[in-house]
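Subject: Structure handover

Hello,

Here is the structure you asked about. Please open it alongside the notes that come after.

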Amino acid sequence: MVNYHEHFMKQALKEAAKAERLGEVPIGCVIVQNDKIIARGYNRRNTDKSTLSHAEMIAIRKASKKLGDWRLEDCSLYVTLEPCQMCSGAIVQARIKQVVMGAMNEKAGCAGSVLNILENPSFNHQVLVEKGVLQEECTEILQLFFRQLRIRNKEKKATDLQK
């Protein structure tokens, strides 16, 4: 039997695959309340032409709309990549109870890598953090995306030079 966190992280990975199909960095997120997914999101920054279109921000907005409240106190957020500073701030502001992450983000992560906004005792709310759930799968989808992007960019550059 798949464990509880893995089940929901697999759903977040399905969201990441949607982003990838759009040519976006494959990051996905689901928000769970009472063992049910109440909101989903995936990275759409380029598609929406908006810095705010991170998977977590989209899912938080949808969950708040569904519940009719900005407070998501009894919710858990599952995300394939460690949240950035913007998303971590929104998670704290929304009073989300728990964040479950797949891959860590050594360059921009704010749940322990660069900063730890989620567990910072200076804020009025701290988030329970679970790291490394399906880490290999979450890391692999990102690495493959960037490997293919580098190949496409190299091919484009070569084509442009031939013109």
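This is a predicted model: local features need pLDDT of at least 70, side-chain atom pairs count only at pLDDT 80 or more; totals for chains, interfaces and linings use all residues.

Residues are numbered from 1 along each chain as its sequence is written, and side-chain values use heavy atoms, with hydrogens and water left out.

The sheet

Five strands form an open sheet in the order 2-1-3-4-5, with mixed pairing. Helices (H or I, at least four residues) and strands (E, at least two) are DSSP runs, numbered from the N terminus; two strands pair if DSSP finds at least two bridges between them. At the edges are strand 2 (36-42) and strand 5, each of which pairs on one side only. On average, neighbouring strands of this sheet are turned by 20° against each other, direction ignored. For such angles, axes are lines fitted to C-alpha atoms, for helices over the stretch in contact, and the angles run from 0 to 180 degrees between N-to-C directions.

Strand 4 (residues 98-103) has six of its six residues buried, so it is largely enclosed by the rest of the structure. Buried means under 20% relative accessible area, exposed over 50%, and partly exposed in between, with a 1.4 Å probe and protein chains only. Strand 3 (residues 75-81) runs parallel to strand 4 and is joined to it by five bridges; L81 stands opposite A103 in strand 4.

The helices

In helix 4, the buried residues are C87, S88, A90, I91 and V92. The buried residues of this helix pack against helix 3, strand 3 and strand 4. After helix 4 comes R95, whose phi is positive, near 60°.

Helix 3 (residues 55-67) packs on helix 4 at an angle of about 25°, with the axes 9 Å apart. That makes helix 3 roughly parallel to helix 4 (under 35 degrees; over 145 is roughly antiparallel, 65 to 115 roughly perpendicular, and the rest oblique). E56, M57 and I60 in helix 3 meet M86, C87, A90 and I91 in helix 4, where contact means heavy atoms within 4.5 Å.

Helix 1 (residues 4-21) and helix 5 (residues 135-162) pack at about 10°, with their axes 10 Å apart, and are therefore roughly parallel to each other. Helix 5 also lies across strand 3 and strand 4, running at about 60° to strand 4.

Two residues

A59 lies in helix 3 and counts as buried at 0% relative accessibility. Not counting residues up to four places away in sequence, A59 touches C29, I31, A39, R40 and G41.

Q33 is found in strand 1 (residues 28-33) and is buried, with a relative accessible area of 14%. Leaving aside neighbours within four places in sequence, Q33 is in contact with I38, L67, D74 and C75.

Regards
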